[in-house]
Each structure stands twice: as structure tokens, then as C-alpha cells.
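Student: I have a new structure to look at and I'd like to go through it with you. Could we take it one question at a time?

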Amino acid sequence: MIMEKLKVLHVDIGGCEGCNVSIIRAYPKLMDLIELDISYLRKEEYKLDEYDVAIITGGACMNEPRILEELKEIREKAHTVVAFGSCATFSGILRFCRGGQEPRPDHRNFQPINSVIKVDYSIPGCPPTPQMLQSFFKFYINGDERRLRLFKVSADIKKLSGFDLIDDIVLTGLCIGCGACELSCPTNAIKLIDKRPNLVQEKCIRCGTCYIRCPRASQILSMGGAK
């Protein structure tokens, strides 16, 4: 029996394009599972009614009514909404925006997408690896709720950073010194000293990647630990 492909829409509401590149890199190994509509390959404007899953990248600019309305329309019509990347998931580096910059000096407040609409799954990372998106769709199509658990729990969290990792894992004595946080940090804000993470605060862009990649932290979140 030939399985019908999921129809997946990608919508970018503003970011550095790193997440978009990751999605493009993931697609060759997903072509048998999904039909991806992304701006780089699109010839015409998309129609929301035609998609099973909407992947959103970028943070929600609260000073841009057009973006907020677009998000609400996506939520109304898409069966499943996925926030992809730390700007969409936790707002990330966009939290540092204070406005006053060209070409849009009025843009001064960015929030995670789940501050505007309900998100079903979040895939944090700056950017997330292509393998994370490939794994997500395999679990999603197979209905593997256990393996989707971390993505689902992350969808309800509005901020996560290296500060949370230090507070929740290191200072509580739960750290096992594996170094996953140091390896995953995109700005080298975490350095292991005597097998314990130390945070260079000025370098932390609040992407939350270290927290999600930490085996102890992700286990606690997946088992129902609240943030």
C-alpha cells in the first residue's frame, strides 16, 4: 500500500535563515514521507487549507499586526503547528531586540510563537539539526507519542536558556559532566571546568539548546517536570 504524503507548509516570519537552511537540508531524506511547500521552491502563494502540518520559523514581532494575524490564520486552519528553531520556540536572540534599527525601527518586541497562538510541537535549536526534523516527522507519522514527548512539552515553554541549565541541573547536583551542553551551544557560552558547565553570561543568546540537549534536563521535561 502506498502511503499518502503529508502536506507540509513552511512559513518564515523573520530570522537569520539558519532554520530555513536546516529544513532544506533535512528534506531529501523526508521526500518519501512529506510534500514540502517552502518559499524557495514555491511558484505561487500558499493556501492554508491544503496542508496537514505548518512549520513556523522566526519569532513573533508584537509590533507587526500583519504577522500576528498571519499566525492566527495558520492556527485556525492547520491541523498541526510546529515551532521550529529557538526564535520561534523561546524567542532566543530576538529577546534582545530594543527597536530603533533600520529598516523597521518600530520593531522592538519579539515573543515566542506560543505567546500568540497554541503550538502543538516545538523543535528548539539555533538552528535545530536536519536530523531533528527528520526524526520528528518519523515519530509523528508513526504516532510515537513517547518519542514526541519532548517536542510536545517544549511547545508550552516560553523561555529557556543557559541560566536555567545552571539553576536546574548544575546547582542541584544533577549534572553528569557529559559535555552535551558545551558541544551544542552555538555561541560557545558554556565551558566545562572540572567536568561542570560554566556559563559566560554575555554570550548566552537564550536559545535553550543546551537545556534541550542535556540528557538530565530533557529527561526531567519529558517526565513531566514543570518549567
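Student: Let's start with phenylalanine 136: is it buried or exposed?

Tutor: Before that, note that this is a predicted model, where local features need pLDDT of at least 70, side-chain atom pairs count only at pLDDT 80 or more, and totals for chains, interfaces and linings use all residues. Residues are numbered from 1 along each chain as its sequence is written, and side-chain values use heavy atoms, with hydrogens and water left out. Buried means under 20% relative accessible area, exposed over 50%, and partly exposed in between (1.4 Å probe, protein chains only). Phenylalanine 136 has a relative accessible area of 0%, so it is buried.

Student: Which kind of pair do the rings of phenylalanine 136 and tyrosine 140 make?

Tutor: Rings of Phe, Tyr and Trp (its six-membered ring) pair if their centres lie within 6.5 Å; planes under 30 degrees apart count as stacked, over 60 as edge-to-face and the rest as tilted. Here the centres are 5.7 Å apart and the planes are at 25°, so the pair is stacked.

Student: And in which helix do phenylalanine 136 and tyrosine 140 both lie?

Tutor: Helices (H or I, at least four residues) and strands (E, at least two) are DSSP runs, numbered from the N terminus. The two residues are four apart, about one turn of the helix, and both lie in H4.

Student: How many aromatic pairs are there by this rule?

Tutor: Ring pairs link Tyr121, Phe136, Phe137, Tyr140 and Phe151 into a cluster. By the ring rule, the count of aromatic pairs comes to five.

Student: Which kind of pair do tyrosine 121 and phenylalanine 136 make?

Tutor: Look at the ring centres, which are 5.3 Å apart. The planes are at 65°, so this pair is edge-to-face.

Student: Which residue lies over the face of tyrosine 121?

Tutor: A charge sits over a ring if NZ of Lys or CZ of Arg is within 6 Å of the ring centre and within 35 degrees of the ring normal. At 5.0 Å from the ring centre of tyrosine 121, the residue over its face is lysine 152.

Student: Now for lysine 7: in which strand is it, and with which residues is it in contact?

Tutor: Lysine 7 sits in strand S1, residues 6-12. Contact means heavy atoms within 4.5 Å. Leaving aside neighbours within four places in sequence, lysine 7 is in contact with Glu35, Glu50, Tyr51, Asp52 and Val53.
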